[in-house]
Amino acid sequence: SLREGVETVVSHGLWLNIPDYDAPTQLVKPSERNKRYVDAVMTVPKGTLFPMCGMNLTFNREVIGPAMYFGLMGDGQPLGRYDDMWAGWCTKVICDHLSLGVKTGLPYIWHSKASNPFTNLKKEYKGIFWQEEIVPFFQSIQFSEKCETVCDCYLELARKVGEELAELDPYFLKLSKAMVTWIEAWKKLNPELQ
(Lines give C-alpha, C1' and ligand atoms only; values in the text may rest on other atoms or scores of the structure.)
Protein backbone atom coordinates (compact mmCIF):
# COMPACT_ATOMS: atom_id res chain seq x y z
CA SER A 1 0.00 0.00 0.00
CA LEU A 2 2.76 2.49 0.80
CA ARG A 3 4.18 2.12 -2.72
CA GLU A 4 0.80 3.32 -3.96
CA GLY A 5 0.76 6.16 -1.43
CA VAL A 6 -1.94 4.53 0.70
CA GLU A 7 -1.48 4.12 4.44
CA THR A 8 -1.75 0.52 5.65
CA VAL A 9 -4.06 0.39 8.68
CA VAL A 10 -4.74 -3.37 8.90
CA SER A 11 -2.18 -6.17 8.71
CA HIS A 12 -3.73 -9.63 8.59
CA GLY A 13 -1.20 -12.38 9.23
CA LEU A 14 -1.65 -16.01 8.24
CA TRP A 15 -1.10 -19.32 10.00
CA LEU A 16 0.68 -22.59 9.52
CA ASN A 17 -0.40 -26.09 10.49
CA ILE A 18 -4.15 -26.38 11.26
CA PRO A 19 -6.24 -24.19 8.95
CA ASP A 20 -8.97 -22.00 10.41
CA TYR A 21 -11.78 -23.51 8.34
CA ASP A 22 -15.52 -23.34 8.74
CA ALA A 23 -17.19 -26.47 10.11
CA PRO A 24 -18.23 -28.06 6.78
CA THR A 25 -14.70 -27.69 5.41
CA GLN A 26 -13.23 -29.05 8.67
CA LEU A 27 -15.44 -32.10 8.30
CA VAL A 28 -14.36 -32.88 4.72
CA LYS A 29 -10.67 -32.02 5.26
CA PRO A 30 -9.93 -33.15 8.84
CA SER A 31 -6.27 -33.99 8.21
CA GLU A 32 -5.32 -31.04 6.03
CA ARG A 33 -2.38 -28.99 7.24
CA ASN A 34 -0.81 -25.86 5.82
CA LYS A 35 2.93 -26.49 5.70
CA ARG A 36 3.79 -24.03 2.97
CA TYR A 37 5.49 -20.86 4.09
CA VAL A 38 5.26 -18.08 1.52
CA ASP A 39 7.49 -15.07 2.15
CA ALA A 40 4.99 -12.48 0.93
CA VAL A 41 2.75 -9.64 1.97
CA MET A 42 0.00 -8.59 -0.39
CA THR A 43 -2.43 -5.70 -0.53
CA VAL A 44 -6.04 -6.85 -0.44
CA PRO A 45 -7.36 -5.10 -3.57
CA LYS A 46 -9.96 -2.38 -3.35
CA GLY A 47 -13.42 -3.89 -3.74
CA THR A 48 -12.29 -7.30 -2.51
CA LEU A 49 -13.51 -8.76 0.78
CA PHE A 50 -11.45 -11.25 2.76
CA PRO A 51 -12.14 -13.64 5.68
CA MET A 52 -10.31 -11.75 8.42
CA CYS A 53 -9.19 -13.88 11.34
CA GLY A 54 -8.55 -12.23 14.69
CA MET A 55 -5.86 -14.78 15.66
CA ASN A 56 -3.07 -12.95 13.83
CA LEU A 57 -4.09 -9.36 13.36
CA THR A 58 -2.70 -5.92 13.98
CA PHE A 59 -4.26 -2.59 13.12
CA ASN A 60 -3.73 1.11 13.59
CA ARG A 61 -6.06 1.78 16.50
CA GLU A 62 -5.98 5.53 16.03
CA VAL A 63 -7.09 5.33 12.40
CA ILE A 64 -9.30 2.24 11.98
CA GLY A 65 -10.02 1.30 15.61
CA PRO A 66 -13.67 2.38 15.53
CA ALA A 67 -14.40 -0.22 12.82
CA MET A 68 -12.89 -3.12 14.80
CA TYR A 69 -16.06 -4.10 16.62
CA PHE A 70 -16.43 -7.87 16.50
CA GLY A 71 -20.22 -7.68 16.83
CA LEU A 72 -22.74 -9.57 18.91
CA MET A 73 -21.55 -13.16 18.93
CA GLY A 74 -21.37 -16.05 21.33
CA ASP A 75 -23.85 -17.51 23.82
CA GLY A 76 -27.38 -16.26 23.33
CA GLN A 77 -26.70 -14.89 19.84
CA PRO A 78 -27.83 -16.67 16.67
CA LEU A 79 -24.56 -16.07 14.85
CA GLY A 80 -21.32 -17.61 16.07
CA ARG A 81 -17.73 -17.77 14.82
CA TYR A 82 -18.32 -14.92 12.39
CA ASP A 83 -17.18 -12.20 14.78
CA ASP A 84 -13.78 -11.57 13.24
CA MET A 85 -15.08 -11.96 9.69
CA TRP A 86 -17.86 -9.45 10.44
CA ALA A 87 -15.30 -6.96 11.74
CA GLY A 88 -13.14 -7.64 8.69
CA TRP A 89 -15.97 -7.03 6.23
CA CYS A 90 -16.96 -3.79 8.01
CA THR A 91 -13.35 -2.64 8.17
CA LYS A 92 -12.58 -3.50 4.54
CA VAL A 93 -15.49 -1.59 3.01
CA ILE A 94 -14.63 1.42 5.19
CA CYS A 95 -10.93 1.21 4.23
CA ASP A 96 -11.90 1.04 0.57
CA HIS A 97 -14.10 4.13 0.90
CA LEU A 98 -11.46 6.13 2.79
CA SER A 99 -8.53 4.90 0.63
CA LEU A 100 -6.81 3.07 3.48
CA GLY A 101 -4.72 -0.05 2.94
CA VAL A 102 -5.25 -3.63 4.13
CA LYS A 103 -2.43 -6.19 3.87
CA THR A 104 -2.38 -9.95 4.25
CA GLY A 105 0.52 -12.40 4.43
CA LEU A 106 3.42 -12.27 6.87
CA PRO A 107 3.79 -12.84 9.75
CA TYR A 108 2.65 -16.41 10.30
CA ILE A 109 1.56 -17.98 13.55
CA TRP A 110 1.58 -21.69 14.36
CA HIS A 111 -2.01 -22.85 14.85
CA SER A 112 -1.91 -26.13 16.74
CA LYS A 113 -5.39 -26.64 18.19
CA ALA A 114 -8.26 -27.62 15.93
CA SER A 115 -11.67 -26.70 17.27
CA ASN A 116 -14.48 -29.24 17.29
CA PRO A 117 -16.24 -29.16 13.90
CA PHE A 118 -19.55 -30.38 15.34
CA THR A 119 -19.55 -27.66 17.99
CA ASN A 120 -18.58 -25.16 15.30
CA LEU A 121 -21.40 -26.31 13.03
CA LYS A 122 -23.94 -25.54 15.76
CA LYS A 123 -22.49 -22.05 16.07
CA GLU A 124 -22.10 -21.43 12.34
CA TYR A 125 -25.14 -22.96 10.72
CA LYS A 126 -27.15 -19.73 10.44
CA GLY A 127 -24.10 -17.84 9.23
CA ILE A 128 -23.49 -20.41 6.52
CA PHE A 129 -26.90 -19.55 5.05
CA TRP A 130 -26.89 -15.85 5.96
CA GLN A 131 -23.54 -15.17 4.32
CA GLU A 132 -25.29 -15.71 0.97
CA GLU A 133 -27.01 -12.38 1.74
CA ILE A 134 -24.35 -10.76 3.94
CA VAL A 135 -21.47 -10.97 1.45
CA PRO A 136 -23.45 -9.35 -1.41
CA PHE A 137 -24.62 -6.70 1.09
CA PHE A 138 -21.00 -5.74 1.81
CA GLN A 139 -20.04 -6.00 -1.86
CA SER A 140 -22.73 -3.46 -2.74
CA ILE A 141 -22.04 -0.92 0.02
CA GLN A 142 -21.78 2.64 -1.24
CA PHE A 143 -21.10 5.26 1.40
CA SER A 144 -22.47 8.76 1.05
CA GLU A 145 -20.12 11.67 0.41
CA LYS A 146 -20.67 12.92 3.98
CA CYS A 147 -18.81 9.85 5.29
CA GLU A 148 -15.36 11.33 5.80
CA THR A 149 -14.25 9.50 8.94
CA VAL A 150 -14.26 5.89 10.13
CA CYS A 151 -16.94 6.76 12.70
CA ASP A 152 -19.13 8.39 10.03
CA CYS A 153 -18.79 5.32 7.83
CA TYR A 154 -19.46 2.90 10.66
CA LEU A 155 -22.63 4.72 11.72
CA GLU A 156 -23.91 4.73 8.14
CA LEU A 157 -23.03 1.05 7.85
CA ALA A 158 -24.92 0.34 11.10
CA ARG A 159 -28.00 2.06 9.67
CA LYS A 160 -27.75 0.00 6.46
CA VAL A 161 -27.35 -3.24 8.46
CA GLY A 162 -30.61 -2.48 10.27
CA GLU A 163 -32.42 -1.49 7.10
CA GLU A 164 -31.16 -4.11 4.68
CA LEU A 165 -30.31 -7.21 6.73
CA ALA A 166 -33.13 -7.16 9.29
CA GLU A 167 -35.35 -9.17 6.97
CA LEU A 168 -32.93 -12.08 7.41
CA ASP A 169 -33.42 -12.08 11.16
CA PRO A 170 -34.26 -9.57 13.94
CA TYR A 171 -30.71 -10.18 15.18
CA PHE A 172 -29.48 -7.66 12.61
CA LEU A 173 -31.63 -4.89 14.13
CA LYS A 174 -30.04 -5.69 17.47
CA LEU A 175 -26.58 -5.76 15.87
CA SER A 176 -27.25 -2.42 14.15
CA LYS A 177 -28.06 -0.82 17.51
CA ALA A 178 -24.99 -2.42 19.10
CA MET A 179 -22.81 -0.96 16.33
CA VAL A 180 -24.14 2.52 17.14
CA THR A 181 -23.54 1.94 20.86
CA TRP A 182 -19.98 0.84 20.04
CA ILE A 183 -19.27 4.14 18.24
CA GLU A 184 -20.84 6.15 21.07
CA ALA A 185 -18.59 4.34 23.55
CA TRP A 186 -15.56 4.71 21.25
CA LYS A 187 -16.04 8.47 21.02
CA LYS A 188 -16.56 8.81 24.78
CA LEU A 189 -13.49 6.74 25.64
CA ASN A 190 -11.24 8.18 22.93
CA PRO A 191 -11.94 11.93 22.82
CA GLU A 192 -8.37 12.63 21.71
CA LEU A 193 -8.99 10.69 18.46
CA GLN A 194 -12.01 12.74 17.35
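User: A polar contact is a pair of N or O atoms within 3.5 Å; within protein, one must be able to donate a hydrogen and the other to accept it, and residues adjacent in sequence count only if both atoms are side-chain atoms. With that settled, which side chain does the side chain of K103 make a polar contact with?

Analyst: That of T43, at 3.0 Å. Before we go on, this is a predicted model: local features need pLDDT of at least 70, side-chain atom pairs count only at pLDDT 80 or more, and totals for chains, interfaces and linings use all residues. Residues are numbered from 1 along each chain as its sequence is written, and side-chain values use heavy atoms, with hydrogens and water left out.

User: Thanks! Where is K103 found, and is K103 buried or exposed?

Analyst: K103 is in strand β4, residues 101-111. Helices (H or I, at least four residues) and strands (E, at least two) are DSSP runs, numbered from the N terminus. K103 counts as buried at 13% relative accessibility; buried means under 20% relative accessible area, exposed over 50%, and partly exposed in between, with a 1.4 Å probe and protein chains only.

User: What order do the strands take in the sheet?

Analyst: β2-β4-β1-β3, in an open sheet of four strands with mixed pairing. The edges belong to β2 (41-43) and β3, each with a single partner strand, so one side of each has no neighbour in the sheet. On average, neighbouring strands are turned by 25 degrees against each other, direction ignored. Axes here are lines fitted to C-alpha atoms, for helices over the stretch in contact, and angles run from 0 to 180 degrees between N-to-C directions.

User: And in which sense do β1 and β4 pair?

Analyst: Parallel, over nine bridges; two strands pair if DSSP finds at least two bridges between them. L16 has W110 in β4 as its bridge partner. β1 and β3 (residues 57-59) run antiparallel with three bridges, and H12 has L57 as its partner there. β2 and β4 are antiparallel too, over three bridges, with M42 opposite T104.

User: How many residues of β1 are buried?

Analyst: Seven of the 10 in β1 (residues 8-17), so that strand is largely enclosed by the rest of the structure.

User: Last one: which residues of α6 are buried?

Analyst: Y171, F172, L175, S176, A178, M179, I183 and W186. They cover an arc of only 165 degrees around the axis, which puts them on the same side of α6; the arc is that of the directions from the helix axis to the C-beta atoms. K177, E184 and K188 are exposed on the other side.
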